[in-house]
Amino acid sequence: MPQGIHGDQVRGHLETMVLSVLDQQDAHGFQIVKQLDDMGCGLLRLKEGTIYPVLYRLEQSGLVKARWEPVEEGRRGPPRRVYQLTRKGRGKLQAGRESWLKFVDIVGTIVAGAPA
Amino acid sequence: MIRELMIPVEKAVRPVCASQSRKLRMREELYSLIEERYRSFLAEGLSEADAQQGAIAAFGDPPAIAAELRKTVPAWNRWSRQFDNFLFAGAFEPTIALAIHTGLCLTTIMGAWLLGMNLFLALIKPNYPALAIAVTFGTLAAIFGVNASLGHWLAGRTIKKLLARHYATVLLHAILFGLVFAASIALLYLSASGEFFLRSGWMKAAMALPVATSMDLFICWLASFEVAQREPWESLELD
């Protein structure tokens, strides 16, 4: 059975991952956590409370914006804020993806022990 | 709201130095997250106790979340909170000593500003009656301090009564504040020029009563909304 990926290993990439989730659809905190969990096939052992500090940082940098979700009839629970990617956020995500692919390429080559 | 789920949220948010509105937003969003996880566990067939435990475990370590939240608070927001704490000692319903502390702080700030301005005018204007004006400004700052002390002491109680819907007591508190404010205006006229004994001094003091009473009522009414939202969180006892 594969080992889970814990918080420390994810740190530094979480912002790009959140931007990536929001690129697919606007979402509130719990939806983002669930989406990350689904995409990580349950191996991403993210502490859920850490998602909001990430969202607040992204919001302050103008990469996402938040709005109150309209109240749905019959839904239980407190009101939620829905986060949406901004144009600046899309640019940052693109840069993050490129940087990540470059990183994987370099580290992958080294770790796999392929000849230079 | 479920008390057991509120506790980890409050443990993460309470140590953060930020404005009340920012902290309220943090509480609401983190609580929404933990409650949704709890409901998802219930939907999977877990018992209430297991769902609560699972949601709390999935939420993470509150001190670690508090440290992350702290980093998201802009410096200006933190400083304004610290200044607010210094002035009002963070107390919603202050003791007399805390209310006097607020009054003294505001008197010092206002007094320093007025006397600094007086000194500046004395330096640039020849024959400027600096001493006489300094006495007036000093009186003004002291009167302001007394009003601030009483205003702070009464406001907490007025808001509490507003939330409890004891409207007669609310009105009584506001009128008391209005009376002290009107007496302050009268005292100012008396100390400044003796004009108080003229018709205009009386009129202005009398007009100050309804104005100050209504303003006090309005401010307390506005503040009561925020207090009503904060109260369930701040009354939680964290071990």
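Reply: In this predicted model, chain B and chain A bury about 2,100 Å² between them, and carbon and sulfur atoms give 55% of that area. Three residues, Arg25(B), Glu29(B) and Leu33(B), supply 28% of the area that chain B buries against chain A, more than any other three residues. The size of an interface is often given as the accessible area lost when the parts come together. Counted by residues, the contact takes 28 from chain A and 23 from chain B. There are 5 salt bridges between chain B and chain A. In a salt bridge between Arg80(A) and Glu36(B), the side chains meet with an N to O distance of 2.4 Å.

Next comes the largest pocket, with a volume of about 1,000 Å³. Its lining has 35 residues, and the closest to the pocket's centre are Phe88(B), Gly151(B), His152(B), Ala155(B) and Ile219(B). By type, the lining residues divide into 22 nonpolar, 8 polar and 5 charged. At least two lining residues come from each of these helices of chain B: helix 5 (75–88), helix 6 (96–124), helix 7, helix 8 (167–192) and helix 9 (199–234).

Helix 7 of chain B covers residues 130–163 and includes Ala141(B). Ala141(B) has a relative accessible area of 3%, which is under 20%, so Ala141(B) counts as buried. Leaving aside neighbours within four places in sequence, Ala141(B) is in contact with Thr107(B), Met110(B) and Gly111(B). The C-alpha atom of Ala141(B) is 8.1 Å from that of Leu106(B), although these residues are 35 residues apart along the chain.

Methods:
Residues are numbered from 1 along each chain as its sequence is written. Chains are lettered from A and ligands numbered from 1 in the order in which they are written. This is a predicted model: local features need pLDDT of at least 70, side-chain atom pairs count only at pLDDT 80 or more; totals for chains, interfaces and linings use all residues. Side-chain values use heavy atoms; hydrogens and water are left out. Helices (H or I, at least four residues) and strands (E, at least two) are DSSP runs, numbered from the N terminus. Buried means under 20% relative accessible area, exposed over 50%, partly exposed in between (1.4 Å probe, protein chains only). Contact means heavy atoms within 4.5 Å. On a 1 Å grid over the protein atoms alone, a cavity is a set of points where a 1.4 Å probe fits but cannot get out, and a pocket is an open set with protein on both sides within 12 Å along at least five of seven lines; lining residues have an atom within 4 Å of a point. Grid points are joined across faces, edges and corners, and a volume is the space filled by probe spheres set on the points. Ala, Val, Leu, Ile, Met, Phe, Trp, Tyr, Cys and Pro count as nonpolar, Asp, Glu, Lys and Arg as charged, and the others, Gly among them, as polar. Buried area is the accessible area (1.4 Å probe) that two parts lose on being put together, summed over both. A salt bridge is a side-chain nitrogen of Lys or Arg within 4 Å of a carboxyl oxygen of Asp or Glu.
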